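Hi everyone, thanks for making time. I'd like to walk you through a structure today, one residue at a time, and then step back. Have a look at it first.

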Amino acid sequence: MTRFHCPVCQSEIWFHNTDCLACGTALAYQPGQGFVALETAQPCDNRGAIGCNWVALTPGGLCRSCCHTTVIPDLSLPGNDQRWARIEQAKRALFRLLIDIGLPLETPQGAPVPLFEFKGDLLRSGPGPHVLTGHENSVITLNIAEADDAERARLRAELNEPYRTLTGHMRHEVAHHYWDVLVAPNPDQLARIRATFGDETQDYGAALQQHYETGAPAGWEEHFVSTYATAHPWEDFAETWAHFLHILSGLETASAYGLVPVAALADGGALADGSAAQMVRLPMAQLAGIWIDLSMALNAVNETMGHGSFYPFVLSPAVIDKLETVRQLIVAERGA
Ligand SMILES: [Zn+2]
Ligand SMILES: [Zn+2]
Ligand SMILES: [Zn+2]
């Protein structure tokens with residue numbers, strides 16, 4: 001994430017702010033441009049319901065993020081309005097990044113893709129989620145229980161995961177969509193991705209079942225970014241893609257706050273500004289080197305506060321190669 005400032009008084013504002021806390025101006029975010037005073041724009045129709053602070057695509061309509069949501073939670077159930085609001089906030093942050101780095105969010109005919117379905121039941125006492133989070137045919141389904149901190153922490157412990165967030169779900173699931181859009185229909189890209197991640201034609205259901213029965217193979221850290229990535233080449237791709245977005249967004253934020261010198265992000269003489277759009281052009285080895293130093297420092301800072309690690313992952317040389325493959329796929333799409 002970059003830093004944002006009020007267009008009226010220049011005070012710093014957060015990406016999710018609907019108003020400037022310093023001067024009180026009502027604000028709206030215009031994707032690809034930044035914040036404007038709301039009086040000069042049309043608010044998204046979900047502004048009242050969930051605090052969406054984006055500009056509407058058409059007067060009285062939804063914004064570029066909300067128009068991708070086709071199923072919302074049952075708002076007659078207590079807490080679901082807040083769950084929906086948290087999920088849309090994570091989705092807007094995802095969309096901001098995807099738009100800035102030039103990935104498509106529409107079909108060639110202009111229809112919004114991927115679409116999102118946010119549904120589920122109240123699961124506090126249940127045996128586990130009935131609505132499975134996942135992706136199929138350009139539709140991403142998210143169980144709204146993931147928006148409950150307590151429920152998500154319970155699932156994280158049950159599945160023995162080091163990291164589980166709405167942000168992580170968004171970045172992972174959208175990877176499956178981009179496989180369908182950027183990889184599957186393109187024989188050259190498919191060959192390149194297969195050479196890196198393995199043969200995805202192996203039975204997905206059987207591979208997943210085996211993963212849940214036997215766990216990750218010994219020594220998985222040398223070749224995979226997470227245990228779940230070992231389940232099937234599709235999941236390896238999605239996990240790696242998610243980590244590429246973690247690193248890009250993390251470095252963008254760190255550079256905006258001066259934690260990473262912009263000179264370290266120089267691009268063979270080209271002007272560096274530390275934006276995700278600029279950094280996506282840098283070789284992964286350069287990005288990974290900076291990221292590993294930064295995340296080690298932030299892990300230590302987090303632990304002095306009694307939190308776990310900021311970034312509880314290890315990037316092996318083989319994983320950095322996979323990240324480079326994902327980076328090249330994105331760069332090829334944006335035509336940079
Ligand atoms: Zn202001
Ligand atoms: Zn909206
Ligand atoms: Zn997946």
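Let's begin with H246: is it buried or exposed? With a relative accessible area of 9%, H246 counts as buried, because the cut-off for that is under 20%. Please keep in mind throughout that this is a predicted model. H246 sits in helix α7. If we set aside residues up to four places away in sequence, H246 touches Y163, G168, R171 and W291.

Which protein atoms are the donors of the zinc ion, ligand 3? They are NE2 of H172, NE2 of H176 and OE of E235, and they lie 2.0 to 2.1 Å from the zinc ion. Written along the chain, the spacing of these donors is H-x3-H-x58-E. H172 belongs to helix α4, residues 166-183, while E235 belongs to helix α7, residues 233-256, so this pair ties together parts that are 63 residues apart in sequence. Both H172 and E235 are buried.

Now let's move to a strand. T141 is part of strand β8, and its relative accessibility of 14% puts T141 in the buried class. What does T141 touch, leaving aside neighbours within four places in sequence? The list is E117, K119, V131, L132, T133 and G134.

Another buried residue is I99, at 16% relative accessibility. You'll find I99 in helix α2. Its contacts, not counting residues up to four places away in sequence, are P31, G32, W54, R64 and L105. Take G32 from that list: I99 and G32 are 67 residues apart along the chain, yet their C-alpha atoms are separated by 6.6 Å.

W54 turns up again in the next stop, which is Q42. Where is Q42? Look in the loop between β4 (34-37) and α1 (47-50). With 39% relative accessibility, Q42 is classed as partly exposed. Beyond residues up to four places away in sequence, Q42 touches W54, V55, A56, P59 and G60. For V55 we have a distance too: from C-alpha to C-alpha, Q42 and V55 are 5.6 Å apart, at 13 residues apart in sequence.

Next, some backbone details. As a reminder, most residues other than glycine have a negative phi, and most peptide bonds are trans. With that in mind, what is phi for N137? Phi of N137 is near 50 degrees, a positive value in a residue other than glycine. N137 is placed in the loop between β7 (134-136) and β8 (139-143), and its relative accessible area of 65% makes N137 exposed. N160 also has a positive phi, near 55 degrees. The loop that holds N160 runs between α3 (149-158) and α4. N160 is exposed, at a relative accessible area of 69%.

Then there is a cis peptide bond, joining V113 and P114, with omega about -5 degrees. P114 is in the loop between α2 (80-101) and β6 (115-119).

Finally, let's zoom out to the whole protein. How many helices and strands does it have? There are ten helices and eight strands. For 336 residues, a compact globule would have a radius of gyration near 20 Å, and the protein has 20 Å, so the two agree. Along the principal axes, the C-alpha trace spans about 55 × 55 × 50 Å. Of the 336 residues, 47% are buried. Among contacts between residues at least 6 apart in sequence, 58% join residues at least 24 apart.

Key
Residues are numbered from 1 along each chain as its sequence is written. Chains are lettered from A and ligands numbered from 1 in the order in which they are written. This is a predicted model: local features need pLDDT of at least 70, side-chain atom pairs count only at pLDDT 80 or more; totals for chains, interfaces and linings use all residues. Side-chain values use heavy atoms; hydrogens and water are left out. Helices (H or I, at least four residues) and strands (E, at least two) are DSSP runs, numbered from the N terminus. The radius of gyration is taken over C-alpha atoms; the globule rule is 2.2 Å times the number of residues to the power 0.38. Buried means under 20% relative accessible area, exposed over 50%, partly exposed in between (1.4 Å probe, protein chains only). Contact means heavy atoms within 4.5 Å. Donors are N, O and S atoms within 2.8 Å of the metal (3.2 Å for Na, K and Ca); water is not among the atoms, so sites may look incomplete.
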